Amino acid sequence: MAELNTGDGGGKGDKKVRSKKGNSRVDLTAMVDLAFLLITFFMLTTSLNKPQSMDLGMPDKQDKDKPQDEVLVADNRSLTVLLGENDKVKWYLGQFGTPLAGPEQVTYGKEGIRKEILARVKSVIAETGDPKKGLIVIIKPSKKSTYRNLVDILDEMAICKVKTYAIVDITKEEVALLDKE
């Protein structure tokens, strides 16, 4: 509570009454309560930053006994990207045994793999004549590649607007190709 002390003069006849100066004191309990209520209100009503993540569709679990259906893709539509150690990136177009183009070693970024993917996206649409039948990119990280390399290549897929891509296990032959200079 707010409290104000005042002294009384004691009134003795003709004498001048001098008033005592009292100590004034203000109770701030209500102000502290209000401050905590405001802090609580703003904490509960603010929206926190939501983590940004890329949508990644994973395949369903399949029975080991049941044979898997093979998906046939035209060689001119499939680009395979191999990720190796020390930021090494190699690509080839088509099948591993009989590639239509490549294998070539490139770098990450605008002048490297992005330039190659954009060129292939345009060429596939020009060859097929159907924008729905776009480029299919198969990403094969090796055990020596880093997580950052995988994230970088997934970013390239988003930048180049490649709608169909898959992360697949790398074969021994492709590991040997990556190790070769």
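A residue is counted as buried when its relative accessible area is under 20%. In the predicted model described here, E174 has a relative accessibility of 1% and therefore counts as buried.

The chain contains four helices and seven strands. Read from the N terminus, these elements follow the order β-β-α-β-β-β-α-β-α-β-α. Of the 181 residues in the chain, 25% are buried. The accessible surface amounts to about 14,800 Å², and carbon and sulfur atoms account for 54% of this area. When contacts between residues at least 6 apart in sequence are considered, 60% of them join residues at least 24 apart.

Side chains of opposite charge can pair when their charged atoms come close. Five salt bridges were found in the model. One of them joins K140 to E174, with the closest N and O atoms 3.0 Å apart. K140 belongs to strand β6 (residues 136-141) and E174 to helix α4, so this pair ties together parts that are 34 residues apart in sequence. Helix α4 itself spans residues 172-179. K140 has a relative accessibility of 11% and so counts as buried, and E174, at 1%, is likewise buried.

Because E156 lies in helix α3 (residues 147-159) and R114 in helix α2 (residues 113-128), the pair ties together parts that are 42 residues apart in sequence. E156 counts as buried, at a relative accessibility of 5%.

Within helix α2, R120 and E116 are four residues apart, which corresponds to about one turn of the helix. The side chains of R120 and E116 also meet in a salt bridge, at 3.5 Å from N to O. R120 is buried at 18% relative accessibility, and E116 is buried at 17%.

Rolling a probe the size of a water molecule over the atoms shows where empty space is left. The second largest pocket has a volume of about 230 Å³. Its lining consists of V121, I125, P131, K132, G134, L135, K161, V162, K163 and T164. Classified by residue type, this lining comprises five nonpolar, two polar and three charged residues.

Methods:
Residues numbered from 1 in each chain as written. Predicted model: local features only at pLDDT ≥ 70, side-chain atom pairs only at ≥ 80, totals over all residues. Heavy atoms only, no water. 1 Å grid on protein atoms, 1.4 Å probe; cavity = no way out; pocket = protein on both sides within 12 Å on 5 of 7 lines; lining within 4 Å. Points joined across faces, edges and corners; volume = space filled by probe spheres on them. Nonpolar A, V, L, I, M, F, W, Y, C, P; charged D, E, K, R; others polar. Helix = DSSP H or I, 4+ residues; strand = E, 2+ residues; numbered from the N terminus. Buried < 20%, exposed > 50% of the residue type's maximum accessible area, 1.4 Å probe, protein only. Contact = heavy atoms within 4.5 Å. Areas by Shrake-Rupley, 256 points an atom, 1.4 Å probe, with all protein chains shown as cover. Salt bridge = Lys/Arg side-chain N within 4 Å of Asp/Glu carboxyl O.
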